Amino acid sequence: MSASGRPPSGSSSRDLLVTLAVACPAGALVAAFLTAAPHANPDSLAFEALARSLQQGLGFSYREPMLPGLELKAFRSPAYAVFLAGTLAAGGVQVALALQGALAAATAALIADLARRAGGVRVAGITLAALLLWGGPWR
């Protein structure tokens with residue numbers, strides 16, 4: 001519902017779908033090929049090890065390279081490890097990065113749509129630009 005109590009018009013829904021159709025592939029390409037540094041964060045190694053452990057049927061456990069001989073269990077968020085295991089199985093690290101980029105761009109588009117509904121097209125454009133240029137998801 002809009003602020004006036006009426007449901008959003010068909011054109012605004014169509015605009016959102018067009019924005020998502022453009023933003024998601026663009027986000028996937030940027031994340032997977034232009035700015036990809038999949039192991040820049042030390043946590044990424046741990047999550048990848050957890051995902052590989054899940055793929056091998058060993059559950060939520062992995063060996064931390066910095067702590068040899070210590071097997072860690074349920075030390076990280078399980079949902080992301082499951083997501084990563086699926087995307088690694090579907091095509092490796094590049095697929096995981098591409099899907100994360102597409103999800104980040106979709107989130108930016110959806111937040112911009114909320115901004116448009118609350119403040120108009122100019123606010124939506126500024127919001128979308130700020131979210132896409134922020135760089136957090138693209139590192």
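Author: In this text, a residue is buried at under 20% relative accessible area, exposed at over 50% and partly exposed in between (1.4 Å probe, protein chains only). The structure is a predicted model, in which local features need pLDDT of at least 70 and side-chain atom pairs count only at pLDDT 80 or more, while totals for chains, interfaces and linings use all residues. Residues are numbered from 1 along each chain as its sequence is written, and side-chain values use heavy atoms, with hydrogens and water left out.

Reader: In what order do the elements of the chain run from the N terminus on?

Author: Helices (H or I, at least four residues) and strands (E, at least two) are DSSP runs, numbered from the N terminus. The chain has 5 helices and 2 strands. Read from the N terminus on, the order is α-α-β-β-α-α-α.

Reader: Among contacts in the chain between residues at least 6 apart in sequence, what percentage join residues at least 24 apart?

Author: A contact is counted when heavy atoms lie within 4.5 Å. Of the 139 residues of the chain, 30% count as buried. For contacts between residues at least 6 apart in sequence, the share joining residues at least 24 apart is 53%.

Reader: Which elements are included in what covers the buried residues of helix 2?

Author: Helix 2 has 14 residues and reaches 21 Å from its first C-alpha to its last, close to the 20 Å expected at 1.5 Å a residue; the expected span is 1.5 Å times one less than the number of residues. Just after helix 2, glycine 57 takes a positive phi of about 80 degrees. Buried along helix 2 are Ser44, Ala46, Phe47, Glu48, Leu50, Ala51 and Ser53. The cover over these buried residues includes strand 1, helix 3 and helix 4.

Reader: Is threonine 87 buried or exposed, and with what relative accessible area?

Author: Threonine 87 has its place in helix 3. Its side chain reaches the backbone oxygen of leucine 84 at 3.1 Å. Beyond its neighbours within four places in sequence, threonine 87 is in contact with Gly92, Val95, Ala96 and Leu99. Threonine 87 counts as buried, because its relative accessible area is 7%.

Reader: How far apart are the end C-alpha atoms of helix 4?

Author: The buried residues of helix 4 include Ala96, Leu97, Gly101, Ala102, Ala104 and Ala105. Just after helix 4, glycine 120 takes a positive phi of about 105 degrees. The 27 residues of helix 4 (residues 93-119) should span 39 Å at 1.5 Å a residue, which agrees with the separation of its end C-alpha atoms, 38 Å.

Reader: What separates the C-alpha atoms of glycine 27 and alanine 105, in Å?

Author: Glycine 27 lies in helix 1. Glycine 27 is buried, because its relative accessible area is 4%. Along the chain, glycine 27 and alanine 105 are 78 residues apart, yet their C-alpha atoms are separated by 5.2 Å.

Reader: The side chain of threonine 127 reaches the backbone oxygen of which residue?

Author: Threonine 127 has its place in helix 5 and is buried, with a relative accessible area of 19%. Leaving aside neighbours within four places in sequence, threonine 127 is in contact with Ile111, Ala112 and Ala115. At 2.8 Å, its side chain reaches the backbone oxygen of valine 123.

Reader: At what relative accessibility does arginine 63 count as exposed?

Author: Arginine 63 has its place in strand 1 (residues 61-63). Not counting residues up to four places away in sequence, arginine 63 touches Gly69, Leu70 and Glu71. The C-alpha atoms of arginine 63 and alanine 49, 14 residues apart along the chain, are separated by 7.9 Å. Arginine 63 counts as exposed because its relative accessibility is 53%.

Technical notes. Polar contact = N/O pair within 3.5 Å; in protein donor to acceptor, adjacent residues only side chain to side chain.
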